Amino acid sequence: MELTLREVRDEDLPVLFEQWADPVAAQMAAFTPPDHMERDAFERRWSRLRADDTVLNRVIVVDDDHPVQHSVVGT
């Protein structure tokens, strides 16, 4: 299996939303925003993050370019 780190693309967002809204993942997370099940809130968050030049957004993908995780780093 090969892992790659690349910029977040529009087509990644549906998969990232599934991960963000997953109830099991939310239960295990130390912090979950109250609106984690709302697609509009997710879209607003990613629009803000992707528009901010001080934030580095990356997604980890496997062989078939399928996103498995993401990373957001602010400067």
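A salt bridge here is a side-chain nitrogen of Lys or Arg within 4 Å of a carboxyl oxygen of Asp or Glu. The views below all come from a predicted model, in which local features need pLDDT of at least 70 and side-chain atom pairs count only at pLDDT 80 or more, while totals for chains, interfaces and linings use all residues. Residues are numbered from 1 along each chain as its sequence is written, and side-chain values use heavy atoms, leaving out hydrogens and water.

View 1. (Buried means under 20% relative accessible area, exposed over 50%, and partly exposed in between, with a 1.4 Å probe and protein chains only.)

**View 2. Arg6 and Asp12 make a salt bridge between buried residues.** The closest N and O atoms of Asp12 and Arg6 are 2.7 Å apart. Asp12 has 2% relative accessibility and therefore counts as buried. Arg6, at 11%, counts as buried too. The whole structure holds four salt bridges, so let us turn to another of them.

**View 3. Arg9 and Glu11 meet in a salt bridge.** Their N-to-O distance is 3.9 Å. Glu11 is exposed, with a relative accessible area of 52%, whereas Arg9 is partly exposed at 35%.

**View 4. Four aromatic residues, Phe17, Trp20, Phe42 and Trp46, are linked into a cluster by ring pairs.** Rings of Phe, Tyr and Trp (its six-membered ring) pair if their centres lie within 6.5 Å; planes under 30 degrees apart count as stacked, over 60 as edge-to-face and the rest as tilted. By this rule there are four aromatic pairs. One of them is Phe17 with Phe42: the ring centres are 5.2 Å apart and the planes stand at 65 degrees, so the pair is edge-to-face. It links distant parts of the chain, since Phe17 lies in helix H1 (residues 13-21) and Phe42 in helix H3, 25 residues apart. Phe17 is buried at 13% relative accessible area, as is Phe42 at 1%. Phe42 also pairs with Trp46, with ring centres 6.4 Å apart and planes at 55 degrees, so this pair is tilted. Phe42 and Trp46 are four residues apart in H3, or about one helical turn, and Trp46 is buried with a relative accessible area of 1%.

**View 5. The buried residues of helix H1 pack against both helices and strands.** Which residues of H1 are buried? They are Leu13, Val15, Leu16, Phe17, Trp20 and Ala21. Their packing partners are helix H2 (23-28), H3, strand S2 (55-61) and strand S3 (67-74). (Contact means heavy atoms within 4.5 Å.)

**View 6. Strand S2 pairs with S1 and with S3.** Two strands pair if DSSP finds at least two bridges between them. S1 and S2 run antiparallel and are joined by four bridges; Glu7 has Arg58 in S2 as its bridge partner. S2 and S3 also run antiparallel, here with seven bridges, and Val55 is partnered with Gly74 in S3. Five residues lie between S2 and S3 in their hairpin, and Asp65 in the turn has a positive phi of about 65 degrees.

**View 7. The side chains of S2 alternate between two faces.** Val55, Asn57, Val59 and Val61 point to one face and are buried.

**View 8. Met1, Leu3 and Val68 form a nonpolar surface patch.** Together these residues have about 360 Å² of accessible area, computed by the Shrake-Rupley method with a 1.4 Å probe, where for residues only the protein chains shown count as cover. Patches are made of residues with over 30% relative accessible area and no salt bridge: like charges are joined within 9 Å, and nonpolar side chains (Val, Leu, Ile, Met, Phe, Trp, Tyr) within 5 Å. Leu3 sits in the segment before strand S1 (4-7) and counts as exposed at 56% relative accessibility.
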